[in-house]
Amino acid sequence: MTAVLSRATSTAEAPAQPFEVRPFDAPVGAEIVGLDIAEPINAADFQRIHRAHLDHHVLVFRDQRITPAQHIDFSRRFGPLEIHVLHQFQLKNHPEILIVSNIKENGEPIGLGDAGVYWHSDISYKPNPSLGSLLHAQELPSEGGDTLFADQHLAWEALPAELQQRILPLKAEHSYLAKYEELRAKNPWRPKLSQAQIDQVAPAVQPVVRTHPETGRKALFVSEHFTTRIVGLPQGESDALLAELFAHSVKPEFVYRHTWAPHDLVFWDNRSLMHLAAGTPDHLRRRLNRTTIVGDTPF
C-alpha cells in the first residue's frame, strides 16, 4: 500500500512536461512531441493528453523508450485493460500486452502476424468493445508496415441524410469468428481456437451508428472484419447495405496513413476510428506491443 500511495503522490506532484500537440495535415490524428511517458505525468498534463485524444482520435507519441510495465501503467490511466483471447501471443509476465509480429523463432510465431489485415475496430465483437488501443514499436521493417486509420465520425457525417435516417435505428452482429478460419487458411500458424477461447468471443449485437460517450458525436460502427449481418434484414439486403457502408467508411478523405518511426507509441480511439495494417514483406521483421483498454456498452 505504501508503494502505491507514494507512486500516486509522485504522479500528482510531478513537474509539468513541456510537450506539444501537433495536428497532422490529414483528416485525423496528431503527434505528441516532448512528452516522456517513462516519467510521471501530472493531472494537468494527463488532461491535455486526454483532450487531444478526444479531439484528434489518434495520437502518435514520438520516441517513447518505455518498458512493457510503463506501457501498461500509462494505458491503465485510461481504464482497465483487456486480456486478448489469443493467450498464445501474450508477452511473458505481462498478459495485458499482445505481441503483434511476423517474427518466428524456432519455427514458431512469437506474435500475431496478420493482425489488422481487414478494416476493424478492436474488440467490437464483445458487449463492451475497446475504448482504445496503444501500439508500441519494438522492431520495424525497412519498408512496409504502415497502419491506416479511418475517421468514422467523418464517414457518418458524409452519408446522405436519407441513408443516415435509414441506418440510425439498426443493429448489427459482430463476431470474432467471422473471418478467423479464412485467415487460418492463409496463415496456418494462426492458432486453432480451443472451445474455451470460442466461448470467450460469443457474437455481440451493436448499434450500426454509435454515439461517442465522451463527446456525443455519432460514428459508423460496422467493419468488414467483424460485422456479419444487419439484425432483422433479409440476408441479401443486409449484405448489400453492409457492402455500401464498408466501401464508404474507408474513403481516402477519411484516412490517415501512419508510417512508423522507431519507438513510436500510437494511441487510437476505437469508438471513433477503424484501422488497417497495410502489410509487411515476409522477409522483413516487424514487432510491436499492444495494450487495449476496455470500453463501455455502445449506444
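Predicted model: local features only at pLDDT ≥ 70, side-chain atom pairs only at ≥ 80, totals over all residues.
1. Overall form. The protein has eight helices and 18 strands. Its C-alpha atoms fill a box of roughly 60 × 50 × 40 Å along the principal axes. For 299 residues, a compact globule would have a radius of gyration near 19 Å, and the 19 Å found for the protein agrees with this.

2. The sheet. Eight strands form an open sheet with mixed pairing, in the order β1-β2-β3-β16-β8-β18-β5-β4. The edges are taken by β1 (20–23) and β4 (90–91); each has a single partner strand, so one side of each is left without a neighbour in the sheet.

3. Pairing of β2 and β3. Strand β2 (residues 30–33) and strand β3 (residues 58–61) run parallel and are joined by three bridges. Within this pair, Ile32 stands opposite Phe61 in β3.

4. Helices on the sheet. Helix α2 (residues 43–56) lies across β1, β2, β3 and β16 (265–269), and runs at about 130 degrees to β3. Helix α3 (residues 68–76) also packs on the sheet, where it touches β3, β4, β5 (94–101), β8 (130–139), β16 and β18 (287–294). The direction of α3 makes about 110 degrees with that of β5.

5. The largest pocket. This pocket has a volume of about 350 Å³. Its lining consists of 17 residues, and Asn102, Gly113, Asp114, Thr280 and Asp282 lie nearest its centre. By class, seven lining residues are nonpolar, six are polar and four are charged.

Key. Residues numbered from 1 in each chain as written. Heavy atoms only, no water. 1 Å grid on protein atoms, 1.4 Å probe; cavity = no way out; pocket = protein on both sides within 12 Å on 5 of 7 lines; lining within 4 Å. Points joined across faces, edges and corners; volume = space filled by probe spheres on them. Nonpolar A, V, L, I, M, F, W, Y, C, P; charged D, E, K, R; others polar. Pairing = 2+ DSSP bridges. Helix = DSSP H or I, 4+ residues; strand = E, 2+ residues; numbered from the N terminus. Contact = heavy atoms within 4.5 Å. Axes fitted to C-alpha atoms, helices over the stretch in contact; angles between N-to-C directions. Rg over C-alpha atoms; globule rule 2.2 N^0.38 Å.
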